[in-house]
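Dear colleague,

A summary of the findings follows it.

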Amino acid sequence: MKLHNKARCPVYPRSDKKRFQVPDEKVPWSVPFPEYAPIDFTSDSVLQMPPWADKDFRVVQTNGDTSNGFQEPKWNQLDGKTNRRSHTGRYEIVDKVPRNPVGRTGVRGRGCLGRWGPNHAADPIVTRWKRNDKGQIVVDDNHKLVAQFIAVQRRDNGQWALPGGMVDAGEVVTMTLRREFGEEALNSLEASEQEKKHIEASINELFTRGQEVFRGYVDDPRNTDNAWMETVAMNFHDQDGQGVARFKLNAGDDAVGVQWMDLSHRLELYASHIDFLQRTAEKLGASW
Ligand code: RP5
Ligand code: MG
Ligand code: MG
């Protein structure tokens with residue numbers, strides 16, 4: 001698997017916690033790194049045990065009992081409604097907790113991620129061809145068609161990203177893709193009942209034909225040695241520009257901005273979203 005970089009950012013997101021710096025060659029667990037002493041950090045919002053987070057089954061009680069009554073999660077399998085399987089294959093359990101399949105990140109614990117091990121997300125990549133005022137498709141210097149995708153600006157760090165989100169427990173990925181796209185790019189949460197129906201109908205129409213572009217580990221700045229993001233990214237392409245291409249975009253929920261952006265290798269995006277877009281450009285045969 002590719003080395004992670006954003007998962008080694010100097011300061012852990014939404015905190016002042018410094019990651020233990022891990023040089024490239026020391027990322028793989030197979031390479032010895034005796035000095036490695038990452039901080040153990042799990043944010044308060046996770047420790048308060050909201051429904052989207054695991055209970056900490058490891059807390060040591062005063063009587064020496066090493067469990068606190070919470071059941072140990074069932075690793076590498078479907079655990080009740082929680083999917084603890086990784087798209088990357090079987091992950092290892094070391095000292096009772098899952099180990100990041102890519103390698104060291106400089107932080108132990110869960111950071112601000114709710115689940116030990118994989119935290120599953122889904123990313124919709126909604127595309128259209130870029131057109132000029134006359135409705136003609138724009139081409140680049142190499143005569144390749146220019147495609148555009150819908151990007152949102154994240155509320156948490158201001159970076160541009162795909163309008164993706166977490167798969168709720170028991171939710172199917174196709175549902176997550178529709179829901180997150182509606183919430184973040186069309187602000188469906190604040191729409192009237194009538195608008196909601198309209199939004200739903202147009203999403204359903206486009207989202208029936210999707211192409212999987214990526215499935216696996218995300219190089220997300222929130223990753224830790226014991227918790228990490230994984231995603232399924234699907235491309236929904238509006239070939240003739242008559243459907244979603246005409247949507248009135250309206251940022252909502254954890255997005256503060258939304259816009260069509262040209263697909264290009266120059267984009268600077270959140271996590272490893274640029275990799276998913278490169279694959280999308282390849283699939284569409286679009287300019288990159
Ligand atoms: C990324 O975080 C995924 O690729 C997805 O875009 C996103 C999901 O987290 P939230 O947007 O819900 O914070 O790793
Ligand atoms: Mg969301
Ligand atoms: Mg999101």
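**Metal site**

Glu184 forms a bridge between the magnesium ion (ligand 2) and the magnesium ion (ligand 3), and these ions lie 3.4 Å apart. Please bear in mind that the model is predicted.

**Helix H3**

Helix H3 (residues 193-207) has 15 residues, which at 1.5 Å a residue should span 21 Å; the end C-alpha atoms are 21 Å apart, in agreement. Its buried residues are Ile199, Ser202, Ile203, Leu206 and Phe207. Seen down the axis of H3, the buried residues fall within an arc of 120 degrees, so they line one face of the helix. These buried residues pack against E7, H2 and E12. Glu193, Gln194, Lys197, His198, Glu200 and Glu205, on the other side of H3, are exposed.

**Nonpolar cores**

The largest nonpolar core has 26 residues, of which Ile125, Phe149, Phe276 and Leu277 touch the most other members. Among the elements that each supply at least two residues of this core are strand E7 (117-129), strand E12 (227-238) and helix H4 (273-284). Leaving aside residues up to four places away in sequence, Phe276 touches Asp123, Ile125, Leu162, Val213, Phe214, Val218, Thr231 and Ala233. A second, separate core of 22 residues includes Phe181, Leu186, Ile203 and Phe236.

With kind regards

Terms used
Residues are numbered from 1 along each chain as its sequence is written. Chains are lettered from A and ligands numbered from 1 in the order in which they are written. This is a predicted model: local features need pLDDT of at least 70, side-chain atom pairs count only at pLDDT 80 or more; totals for chains, interfaces and linings use all residues. Side-chain values use heavy atoms; hydrogens and water are left out. A nonpolar core is a set of buried Ala, Val, Leu, Ile, Met, Phe, Trp, Tyr and Cys residues joined through side-chain atoms within 4.5 Å. Buried means under 20% relative accessible area, exposed over 50%, partly exposed in between (1.4 Å probe, protein chains only). Helices (H or I, at least four residues) and strands (E, at least two) are DSSP runs, numbered from the N terminus. Contact means heavy atoms within 4.5 Å. Donors are N, O and S atoms within 2.8 Å of the metal (3.2 Å for Na, K and Ca); water is not among the atoms, so sites may look incomplete. The expected span of a helix is 1.5 Å times one less than its number of residues. The arc is that of the directions from the helix axis to the C-beta atoms.
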